[in-house]
Amino acid sequence: MTGNHKDTSITRRRALAVSGGTVAAGGLAVVGFQSAFADTTDTGTDADATASASSTSSECMTLMSSVTEGPYYLDGALVRKDITEGKAGVPLTLRLTVVDATDGCTPVKGAAVEIWHCDAWGYYSGYTTANPGGSAPAESEEGDSANDNTYLRGYQIANANGVVKFETIFPGWYTPRTCHIHVKVHTGGEKEDGTYEGGKVNYTGQLFFADDIAEEIFTLDPYAKHTGSYTTLADDMVYDGGGASSGLLTLKAVHKKDPSKGYKGSLTLGVDPDAENTGAGSGGGGTPPSDAPTGAPPSDSASPSASASS
């Protein structure tokens, strides 16, 4: 399956960014990590860091590699920082920085970043009957109070530095995929009734985790109750080995000797705000069972405005 990129013309500014970006991608990822975990308010320090990062277009990373949105997407995710809804798991603070890779990596203020991922046992909200493979308890056995149509899904709107922050949990896994988080970057729309409406999708991708960290997490509860054959990055059908430009997160343990205390994850997303991406992308992602729901959550799901937060 290949991506359907509606804007196929390569402008001069885009050609310059793409041709000069590969070598310096790692350097920008470090800058993105440092700025992402700074205070997200518009302080002088943040402004200086942003100006420094965007003033040298020769250090701009390549466009992120668009991939499939996968089979578990749902419309109508809530605009909120904390997407856990009480789901058990190792805490993950995720900060993403959206920059225009065709214009010197300037921040894309107002971009809406949408993420969704499975819970510790491999279940997605809206698809809680989809078998994650291996041996796992039924999603209903977790005993949490999460809404089965909305947990572990949400939007955040980028600030002046292009930064968004999510509070979530480390995802589990399902066959035949490695551990991952889905992501879309939208522009041109607006927050309405607790969700994000209108505009267009500029980028559809997935975020990935180093094997050693993921495998250590999966020895902990509640992850350890899901047993079976875990797919490593090298064997995954979507991750192409490209590091940060392919969605590999930079991870920092909250407590080095105790992974259960959680992680901070960060990545700079280099996108083209003029492009539109359908979400077709490349790679697979697994197929939900024939009885799994598709499209928007059922009408009896929680009202977006009732539980949305900034």
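Me: What makes an area count as accessible here?
Reply: Accessible areas come from the Shrake-Rupley method with a 1.4 Å probe; for residues, only the protein chains shown count as cover. On that basis the protein chain exposes about 13,000 Å². Carbon and sulfur atoms supply 49% of it. This is a predicted model: local features need pLDDT of at least 70, side-chain atom pairs count only at pLDDT 80 or more, and totals for chains, interfaces and linings use all residues. Residues are numbered from 1 along each chain as its sequence is written, and side-chain values use heavy atoms, with hydrogens and water left out.

Me: Why is cysteine 118 called buried?
Reply: Buried means under 20% relative accessible area, exposed over 50%, partly exposed in between (1.4 Å probe, protein chains only). Cysteine 118 has 1% relative accessibility, so it counts as buried.

Me: What makes cysteine 179 buried?
Reply: Its relative accessibility is 0%, so cysteine 179 counts as buried. Of the 310 residues of the protein chain, 51% count as buried.

Me: What pattern does the protein chain follow along the sequence?
Reply: Helices (H or I, at least four residues) and strands (E, at least two) are DSSP runs, numbered from the N terminus. The protein chain has five helices and nine strands. Their order is α-α-α-β-β-β-β-β-β-β-α-β-β-α.
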